[in-house]
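Please look over the sequence and the model below before reading on. The report that follows is meant to be read slowly, with the structure kept in view.

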Amino acid sequence: MFDLIIKNANLPDGRRGIDIGIAGGKITAIEKNLAAEAGEIIDATNRLVSPPFVDPHFHMDATLSLGLPRMNVSGTLLEGIALWGELRPTLTTEALVERALAYCDLAVAQGLLHIRTHVDTSDPKLVTVEAMLELKEKIAPYIDLQLVAFPQDGYYRAEDGVKSLERALDMGVDVVGGIPHFERTMADGAKSVEALCRIAAERGLPVDMHCDETDDPMSRHIETLAAETVRHGLQGRVAGSHLTSMHSMDNYYVSKLIPLMAEAEINAIPNPLINIMLQGRHDTFPKRRGMTRVRELLAAGINVAFGHDCVMDPWYSMGSGDMLEVAHMAVHVAQMSGVDDKRAIFDCITANSAKALGLEGYGLAVGNPANLVILQAEDVVEALRLKPTRLAVLREGRVIAKTAPKLTTLSLPGRPAEIDSGINPTGRPAF
Ligand SMILES: [Zn+2]
């Protein structure tokens, strides 16, 4: 006896027409033709049923602040940082929580149920930290939120940067952040990586740094981050976010760097939307893409996970909380268009992201919490192509968001009366 059976599900691994039995909020069966009673049955009608999307890199304290106190006129990263500096003194806990809650509603609607957010610790008042801790508790029934102590203005460069980060960790922030390329000198950047890894090791916390978010090929803090990870025994628990300078680095140097990253089990977290938007701004033509080396990192066995980074904030005026939009951009900018490439890209916003965050009980497997998403698409490749409607989002076996399928009525002589955009028009599997 099940509380709920989802019938005729296509799974991300390619199995089709599978039934998923759910009892007590957990997945208790995954098999064909499940013959049992259930309180409720949902027919997935051979649509994709995926584990929830996971965003490993976001800025929840800045989201939906677009236009406050003014717009980013140039649209550049540096004007974005300056603009955030203008907004920061006016922030209140209430306004931060309210904006973040509104974003989380959108996230849930898109099947995004796990988020790691960087929280700016530059202002010693730490209103941002207070607000995000409150938010974390409020959304715990439907979104798992991890907080990273993020010294936006520099760990050493900002006045009281060192103290404020420590205080944020004392308040209960989960992860140690950093921004070595934004310190005053390369040497200060390296020193900050060493200090922050030591703090993480002492406190038993993971590390996730904004690392080398620049087009400068000599920005090599990822090398120090990998070395310090090994020195402190933090293998597998450290993430390098962005890593855009790797795009511009000398190829010989990268041939040494990638094995170092693999040895340290670094999680690489590019942010395709933001990287393609903000990098290469000082180039004329040809213009660099500013996306790290996704294919090469994956080939070396490095865990690659994609972040959304920003939605309607000082750095990025677009975005919708849809991790498939992030992955769609990644397919293009990383030129991952092969059949196996696309399946690997889907993992970068699901299983790989879950691994980067150290999530337990994630994925469609018996015994795990029944967290899943039913999409209006047949398989993962079609999901990447269509960014389809999330028909239902379940958290611990309960439907927490529902959207009607996108169906278009046609009035064309001799043509079908209706189009279901989720049905592959070729009639053949997309992989
Ligand atoms: Zn970021």
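The sections below go through this predicted model part by part.

The protein chain is divided into domain 1, made of residues 2-51 + 363-420, and domain 2, which covers residues 53-356. The C-alpha centres of domain 1 and domain 2 lie 31 Å apart, and the contact between these domains takes 17 residues from domain 1 and 18 residues from domain 2.

On the side of domain 1 that touches domain 2, the elements giving two or more residues are α13 (380-386), β14 (390-395) and β15. Helix α13 gives the most to that side, with four residues. Sorted by class, the side of domain 1 that touches domain 2 has ten nonpolar, four polar and three charged residues.

## The record for this chain

The UniProt entry, which is unreviewed, lists residues 40-400 under the name "domain: Amidohydrolase".

## Strand β2 and its neighbours

Strand β2 (residues 18-23) has five buried residues out of six, so it is largely enclosed by the rest of the structure. Four bridges join β2 to strand β1 (residues 2-10), and these strands run antiparallel; here the bridge partner of Ala9 is Ile18 in β2.

Strands β2 and β3 also run antiparallel, and five bridges join them, with Gly21 having Ala29 of β3 as its bridge partner. The hairpin of β2 and β3 has two residues between the strands, and in this hairpin Gly24 takes a positive phi near 60°.

In helix α11 (residues 339-347), the residues Lys342, Ile345, Phe346 and Asp347 are buried. What covers the buried residues of this helix includes α10 (323-333), α12 (351-356) and α13.

Cys211 is found in strand β9 (residues 207-211). Why is Cys211 counted as buried? The cut-off for a buried residue is 20 or more other C-beta atoms within 10 Å of its own, and Cys211 is buried because 34 other C-beta atoms lie within 10 Å. Apart from its neighbours within four places in sequence, Cys211 is in contact with Pro180, His221, Ile222, Leu225, Gly240, Ser241, His242 and Leu243. Cys211 and Tyr362, by contrast, are 151 residues apart in sequence and 27 Å apart in space, taken from C-alpha to C-alpha.

## Backbone details in the loops

Which residues are joined by cis peptide bonds? Another cis peptide bond joins Phe285 and Pro286, with omega about -5°, and Pro286 lies in the loop between α8 (272-278) and α9 (294-299).

Asn33, found in the loop between β3 and β4, has a positive phi of about 50° although it is not a glycine. Asn33 is exposed, with 8 other C-beta atoms within 10 Å. Lys387, which lies in the loop between α13 and β14, has a phi near 45°, again a positive value in a residue other than glycine. Lys387 counts as partly exposed, because it has 18 C-beta neighbours inside 10 Å.

Terms used
Residues numbered from 1 in each chain as written. Predicted model: local features only at pLDDT ≥ 70, side-chain atom pairs only at ≥ 80, totals over all residues. Domains from an automatic or database assignment. Contact = placed C-beta atoms within 7 Å. Nonpolar A, V, L, I, M, F, W, Y, C, P; charged D, E, K, R; others polar. UniProt positions renumbered as here; feature names shortened; annotations may be inferred. Buried ≥ 20, exposed ≤ 12 C-beta atoms within 10 Å, placed from the backbone. Pairing = 2+ DSSP bridges.
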